[in-house]
Amino acid sequence: MSAPRRRPLLVAHGALGSAAQMQPIAEALGDGLSSLVSRVDVLEFPGHGQSPLDDAEAFSLPQFVEVMAAATARCETPPLLFGYSMGGYVALALEARAPRTFAGIVTLGTKFDWDAASAEREAARLDPTLIAEKVPRFAAMLADRHARAGGWEGVLLRTARLLRENGRAPLLSAEVLERIGVPVTVAVGGKDDTVSVDESRAAATMMLRATCEVLDHMPHPIERVPMDQIIALCTALLAAGCTTPTSS
């Protein structure tokens, strides 16, 4: 007889996010998937949350890919990855570069349709002065979240530059997505104003073993996605063949 071998699970935040933001999700996944997951680790990208970055350094998606690669190297077996927004984008780029780094990937709210125009639209929304003036509560939340990473204004400005750079040369082209062969779930909220259902479905069709899940009535902020839906996404992916049989 054989029994499924429990796998580690890595959780990665999105742009403007932090490990602390994702910790409640990690804990819920650890509890909800305790029979399938051996442990849950939360990855924090440099320059976010509690992870400062030298003032002269810019954010870089290739750099974030390297950070994630180092985190996966510490896992005893290829982990499952739950990546919100940018976290999912980075994970897919790593998997394309180094196949079978992950047992499977779940992305939520990950934007795939990048060009110079779309990047400029998103970057223009990250003006610290305008955010402080028009949405002070959001500014205060970011200030608290990134107080030990050099300040929220720097996070926004660095993220805007990262988006513009990715718009000029997207890390995930169609050719890159076609190299991804592990099971992938591309999840998107039906009311996400950052990521469209069409681009999510299109990206899923480019990958060999990917499906697209539309979460009806859900917006982009992960805090507004019910935890049971996040657990269900990861459970379904694990059931799709991401566990490793072991003899018993």
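A residue is taken as buried when its relative accessible area is under 20% and as exposed when that value is over 50%, and these terms are applied below to a predicted model.

In this model, six strands form an open sheet in the order β3-β2-β4-β5-β6-β7, with parallel pairing. The edge positions are held by β3 (37-43) and β7 (210-215), each of which has a single partner strand, so one side of each is left without a neighbour in the sheet. On average, neighbouring strands of the sheet are turned by 15° against each other, direction being ignored. Within the sheet, β4 (residues 80-84) and β5 (residues 104-108) pair in the parallel sense over five bridges, and Phe-82 stands opposite Val-106 in β5.

Two helices that contact the sheet may be described in turn. Helix α2 (residues 61-73) lies across β2 (7-12), β3 and β4, and runs at about 155° to β2. Helix α9 (residues 197-206) packs on the sheet where it touches β6 (184-189) and β7, its direction making about 160° with that of β7.

The burial pattern was examined for α9, in which Val-197, Glu-199, Ser-200, Ala-203 and Ala-204 are the buried residues. Viewed down the axis of α9, these buried residues fall within an arc of 165°, and they therefore line one face of the helix. In an α-helix there are 3.6 residues a turn, so residues three or four places apart point the same way. The cover over the buried residues of α9 includes α8 (174-177), β6 and β7, whereas Asp-198 and Thr-205, on the other side of α9, are exposed.

Note on methods:
Residues numbered from 1 in each chain as written. Predicted model: local features only at pLDDT ≥ 70, side-chain atom pairs only at ≥ 80, totals over all residues. Heavy atoms only, no water. Pairing = 2+ DSSP bridges. Helix = DSSP H or I, 4+ residues; strand = E, 2+ residues; numbered from the N terminus. Axes fitted to C-alpha atoms, helices over the stretch in contact; angles between N-to-C directions. Contact = heavy atoms within 4.5 Å. Buried < 20%, exposed > 50% of the residue type's maximum accessible area, 1.4 Å probe, protein only. Arc of directions from axis to C-beta.
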